[in-house]
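Reader: I am new to this structure. Please show me how to read its features, one at a time.

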Amino acid sequence: MHETTPQIFASKERAVVIAAAGCGKTHLIAEAVGCQKDGRQLILTHTHAGVRSLRDKLKLLGVSSRLFCVDTIAGFALKYAISFPKTSGLSMFMPVSSEWNEVYEPATRIISHSIGKHILRSSYSGLYVDEYQDCTLIQHELIKKIADVLPCRIVGDPLQGIFDFEDSPLVNWSKDILPYFERLPDLCIPYRWKNGNNALGDWLLDIRNSLASGKPIDLRKLPNGVQYFSLSEKSQTDACYHCPKVGTVVAIHKMPDQAHFVARKLNGTFISMEEIEGKDLLSWSEKFEQSSSNERSIAVIDFASKCMTRVSTELTTIKKKLMKGKKNIALGLSKYASIAGGLEEVANSNEFTTILKSMVLIEQVPKRVIFRSELWNDMKRTIKEYGTGAYSTLRETAWKVRDRGRILGRKPSNRTVSRTLLIKGLEFDHAIVLDAGQLSAKELYVAMTRGSKSLTIISSSNILKKEVPVQ
Amino acid sequence: MKIRSVKISNFRGIREMEWPILGTVNCLIGPRDSTKTTVLDAIEYTLSSRWNIPFDDSDFYLSEPNNTIEIIVTLGQIPEELMREEKFGLHARGWNQKDGINDEPKEGDEHVLSVRLRVDSTLEPQWTIVNDRNKDGVKISYKDRELFGLTRLGQEVDKHLSWMRGSILSQLTSNRRDASAMLSRVLRAARDIAEFDKIDDLRNIAQKTKDAASHLGVKPSTDYKPAFDSRGITGGFGAISIHDGKIPLRLLGLGSRRLIALGLQMSCAERGSILLIDEVENALEPYAIIHLLHILQQSVNQPTAEGQVIMTSHSSIVIAELGVDKLKIVRSVNGKTEVSAVNSDLQATVRSVPESLLGRKILVCEGKTEYGICRSLDKLWTQQNGKSLAYMGVALVEGGGVPKSSQRASQLSSLGYPSCLFIDSDKLNESKPSIDNLDAAGIKVIHWDDSVSTEQRIAMDLSWNAIKDVVSLLVEWQGEESIFDPICSKLGRKRSDIGTNLDDWKNRIFNENQIRDAIGLAAKEAKDNKWFKRIDFGEELGNIIIKDWNQISGEDLGLRLLELKSWIYA
């Protein structure tokens, strides 16, 4: 079956291409943009990781940067909404998580307005949208309005639409997308696995069909590079310990706490990935800010125990003294007197820099392993930046630190524990699904397609049966 | 491109100015030092692509650099390039005829950009695009400002006839590469053929130079000799200018040079540019001015690319030709510059007496008699105190009778010109607006006591000898019959009966007042401009009045004319 070519894609006024995982979706967009020498294309996707991956591909293919502009839908929407606040009705200037929903409608208002249309027409000759399965209905309305002004071509995979939340439902392909966009031939050649494990790629195509139609997946017959283990805490940690020494490895769980727990158990060999929003960073910043005196020192210890091993046990004495309201905690301590001193300073001073000092001291607890190093380091960065006086609260500073990180990107370490939501779109050499039973059909598909060389599946049963997903 | 509004603060003589609506063709008129040229300067500095404008303390209002200069020009019909997202599209504002500027565009508004030039005490100019959402503004580069396509024809014409930087020719030229290469070749060729070292005198002096230098320790690496300096061709592209055959255009007369430069400006206008012209009439004959204005208006009204013209003028021809809707009166009071439009009601008045708008104050004379009298009084008073009406900035204007003269006075006064109306008092009631309204509007109304015409007043107040002079003068011009028949008829007698000797009349037949009244009445009723109602007659009349000055100083005639004098010389 022949796939859609970049030239055909580029020539359409309104078109959609469905692409299975690893089948060259980014490549299609990049090449299509490269075909269109007149004017500039606007390319929108959902995450900064997505933006980076598109930019990398465009650079790789030698497409001149004056031919395109890549941005997130959210960033693009905010840009327009915030430029005309009274007209758009925007009330949220530094949105966090669900607050982003308050940005799309204002942006849609501007795009429907003559000024929005004027700016769009002067700036771009076409629009491409990647990862369309992640579009919420509200975002879809925005894209449709842009499509009224510019030719619009979208790509996505209904089977990877895992960002479905109650307050912001996702687009439905048959109801919302297909009536509006011409469907071109799917992309289904598994390029990602060509240099890794061809057999795995082909097997995954079959899995795709099964998952899409609700058929069970038999894990008793597996191709090369795929293995199955029965679910237990030991099998999970074993699979991680015994993963290949060469190449990147991702271990995938369902819930954030589960992921953090595994990371802790693995004693730092796997780093836990923080979610982009940095909700924990924000809430801990707030906690530091709103606490005072001994309460604040206790918060520092609690924060440290969330991020590294050994602290919860080693610093119990100090914590107990603090909870009793004692002022002179360093007194009479045999171990960790300096840490106690640092925490005393935290209690006595208003300055956040004392927290930073204590954090550095706590790092000296012997044999401790920081498994949430991203969170830990971001907190240090936040406190340092707060000192420059650029922002009024610690939480605001934290937001900015995460925002920058979101845009600049971060290199996942060689061994990561994460969740499907965070690793969608990323590529690794080896993937370990820690509990296939907890994942929905779509989540399972995303998880299983992360590794290009090998896949390990841990589940309570060796026959996986998932409900037919909504598409 | 169209400028929609200009706002100036603290620039030279302008402490503040807001000029909200600009039409397609704008002619700024106003007395000297009304700051009209400063307005053009402000617009030029803000929109031109120059970046190295030298500012100094004197450019600040009252020469006080702590009064930061701010000029904001809001432009519509922006080139698409500048409306891009990454340029200034997101900073656009809205504009419509009714509301003026809406900071966030409403549906149906034109999308405009506000360009701000700001100079503070550091003297460094900063150009930004501003709006209420973003008061700091975002920088606009000189390359972007080039897209505004602004040209100014000011004092220096010659630069526009060459390809000097900033000239119109240079703006019209997109590719300079070939010209650049040619310039380099010219330089090299000049160097090659110059053999200054073959000229003995020069060579000898070069040798002397070498000796003098080495005496003080400077040793040449080769030898000193005279040669062509590459600086000889300075000004780069300025060295290329247009020639008619072998003659450079800069040798043409000023009028021709200006017309050529104006023609070039207009070809820029065809791309939607904004043209600034100082003294559009400069060096041009009346017919040339009229033709120019016609073509100018055509060029900015192209359907494909609408441009705009802002010019200054001191010419009544320009004022009459353009029509009031294009005139903008500029006035400066205590640093506040006002730019006002001229109501279309004034069209007829302005067409008839365009020079009235060019004075500082206006003296409206009811008819030709009054006008003529004023002109001779002007000569007298100038002799007396050295200052003429012109010196005092008084525009002397014919009113065109009643009620036109009251109307004119009222209209002209409404434009902000201090005005005076010099009228007969025989038809005061017919004055529209009424005398009371005129007074209320601050217009000085000078009229005779009693309900008499000027002719009657003169007849009543001049000394007897002066009356005789007047009648003799009239008889000289019009003949005895035309003059004495009406007078006799007023007296109820026939000329054949009483003769034409006034003294005789006074002594034997009538009393003086009867005679005077008759003369006055006859003069007033004379039809078809037969008696005084011509300006030169009025002037002669004025001369007679002047001769009689001492005799009339206590009379109404003298008193009113003195009142006139003090208004003029206030």
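Author: Strand β8 of chain B is joined to strand β9 (residues 134–139) of chain B by 3 bridges, and the two run antiparallel. This is a predicted model: local features need pLDDT of at least 70, side-chain atom pairs count only at pLDDT 80 or more, and totals for chains, interfaces and linings use all residues. Residues are numbered from 1 along each chain as its sequence is written, chains are lettered from A and ligands numbered from 1 in the order in which they are written, and side-chain values use heavy atoms, without hydrogens and water.

Reader: How many bridges pair strand β7 with β8(B)?

Author: Strand β7 (residues 110–119) of chain B pairs with β8(B) over 6 bridges, in the antiparallel sense. B:Val115 has B:Ile129 in β8(B) as its bridge partner. This hairpin has 5 residues between the strands, and B:Leu123 in the turn has a positive phi of about 65°.

Reader: Is strand β8 of chain B mostly covered or mostly open?

Author: Buried means under 20% relative accessible area, exposed over 50%, partly exposed in between (1.4 Å probe, protein chains only). Strand β8 (residues 125–131) of chain B is mostly covered, with 6 of its 7 residues buried.

Reader: Where is B:Leu202 found?

Author: B:Leu202 is in helix α5 (residues 200–215) of chain B. B:Leu202 is partly exposed, at 36% relative accessible area.

Notes:
Helix = DSSP H or I, 4+ residues; strand = E, 2+ residues; numbered from the N terminus. Pairing = 2+ DSSP bridges.
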